[in-house]
Amino acid sequence: MKAKGKEPSPLPLEGIRVLDLTRLIPGAYCTAILGDAGAEVIKIEEINVGDYERQIHPFIGPMASRFLILNRNKKSVALNLKENKGRAVFLEMASTADVLVEGFRPGAMKRLGLDYEAVRESAPRLIYCSISSFGQDGPYRDVVAHDINILGMAGYFDITGRREGGPVIPGVQISDSVAGMNAAMAILMAVIGREKKARGRYVDISMLDGVISWMFDAARHVFAREDLPGEGKGRLVGGLPNYNIYETRDGRYITVGSIETKFRNTLLKALGREDLVEDTGEVTSSRPSESDQEVSSFLRQTFLLKTRDEWMEILGKLNICVAPANSLDEGLSHPQVVSRQMVLESEHPSVGRISQIGSPVHSPDALTDADRLPAPRLGQHTRQVLGSLGYKKEEINDLFDQGIARGE
């Protein structure tokens with residue numbers, strides 16, 4: 001994000017060229033991170049439909065809303081990789097690139113003749129990143145799966161849900177998003193490593209691996225040979241009364257995260273139940289307490305006596321990790337979100353004025369800029385990019401006429 005009140009400075013990834021062959025969330029999120037940091041991201045799309053994101057509702061004018069968010073700071077080249085001429089053009093592009101990101105099923109790029117072994121012959125410094133459901137090896141490498149399937153296989157639903165209601169599908173795409181973050185992190189590691197060894201490398205990112213890596217809090221029970229608490233019973237998933245969600249009088253909800261002993265006791269005192277205050281000698285609630293059932297019942301009944309905002313007026317000033325469960329509209333317009341510029345307004349040439357999610361990376365020096373380039377139309381930059389490779393106007397027109405490329 002641009003530093004406030006300072007002259008623009010070069011972004012850290014300026015001069016890095018990224019070829020993005022991905023579709024949908026994981027790869028798009030990865031390359032959006034790189035694009036925000038200044039990389040030139042060239043999105044290679046199928047010539048007829050392009051990225052499937054372009055078809056996902058809702059739309060703002062002629063463009064899909066989520067596509068606008070995930071594909072800012074990118075250029076679009078529409079290229080037919082199933083044809084020899086298209087692959088030849090792509091290999092020329094790869095020879096000028098620093099990073100390639102692909103999200104096809106394992107083996108798909110090899111069948112096209114564009115796998116890492118083939119591409120690195122002409123691009124030995126290329127960092128080649130593959131993102132897939134289960135990785136490039138192992139017994140499940142060829143199995144298709146989406147976020148919900150991967151969460152299920154990782155054991156996520158064994159610990160996430162209500163005690164009486166079964167598993168709950170999360171409201172965000174966890175395995176998709178963590179894969180995108182891991183891919184961006186691994187690419188940046190490889191970029192740094194390339195400066196030391198002067199060579200590229202292959203990076204294999206699995207969505208399942210990413211979820212497993214985030215399961216450390218639950219995995220501690222298994223590793224300690226302890227029974228898993230189960231849905232809604234774990235320490236941080238509803239098993240403690242002082243780390244839970246409670247309904248209020250107006251049908252809204254309030255979140256209580258007073259897991260530290262001092263916060264728990266302050267909350268109980270503020271609600272008039274000093275008799276439930278405990279001095280266990282522990283800094284935080286790390287296991288169930290004998291009073292948990294009574295505390296849970298008390299909090300559940302008490303929070304129903306006032307509205308969400310009335311409770312926040314009373315408890316918010318105590319600063320004990322109590323917060324409202326906001327609607328998404330409230331979350332996006334929260335004063336802290338606004339102050340940190342996490343929602344931006346920008347102009348799109350095809351859509352007009354739109355809102356964008358800002359970059360979560362902040363620094364006194366500019367590290368990111370979420371508003372350099374608007375999300376592209378399909379093939380918007382085909383002529384520009386091919387021209388930069390030395391193709392003449394007539395040659396580009398021939399590629400268009402032959403169905404090898406598409407552009408405006």
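Predicted model: local features only at pLDDT ≥ 70, side-chain atom pairs only at ≥ 80, totals over all residues.
Local features require a pLDDT of at least 70 and side-chain atom pairs a pLDDT of 80 or more, whereas totals for chains, interfaces and linings use all residues. Residues are numbered from 1 along each chain as its sequence is written, and side-chain values use heavy atoms, with hydrogens and water left out.

The protein chain contains 16 helices and 16 strands, assigned as DSSP runs numbered from the N terminus (helices, H or I, at least four residues; strands, E, at least two). Along the principal axes, its C-alpha atoms fill a box of roughly 85 × 50 × 40 Å. Of the 408 residues, 46% are buried, where buried denotes under 20% relative accessible area, exposed over 50%, and partly exposed the range in between (1.4 Å probe, protein chains only). Among contacts (heavy atoms within 4.5 Å) with a separation of 6 or more, 70% involve residues 24 or more positions apart.

Surface patches comprise residues with over 30% relative accessible area and no salt bridge, like charges being joined within 9 Å and nonpolar side chains (Val, Leu, Ile, Met, Phe, Trp, Tyr) within 5 Å. One nonpolar patch consists of Leu328, Leu332, Val343 and Ile357, with about 330 Å² of accessible area together. Ile357 belongs to strand β15 (residues 352-357) and is partly exposed, at 36% relative accessible area. A negative patch is formed by Glu394, Glu395, Asp398 and Asp401; Asp398 lies in helix α16 (residues 393-401).

Salt bridges (a side-chain nitrogen of Lys or Arg within 4 Å of a carboxyl oxygen of Asp or Glu) number 21. Lys74 is buried at 1% relative accessible area, and Asp20 is buried at 0%.

In a further salt bridge, the closest N and O atoms of Glu330 and Arg252 are 2.8 Å apart. Because Glu330 lies in helix α13 (residues 328-332) and Arg252 in the loop between β11 (244-247) and β12 (253-256), the pair ties together parts 78 residues apart in sequence. Glu330 is partly exposed at 25% relative accessible area, as is Arg252 at 28%. Salt bridges with shared partners join Arg252, Arg308, Asp309 and Glu330 into one network.

Notes: Areas by Shrake-Rupley, 256 points an atom, 1.4 Å probe, with all protein chains shown as cover. Lys, Arg positive; Asp, Glu negative; His and termini not counted. Charge placed at Lys NZ, Arg CZ, Asp CG, Glu CD.
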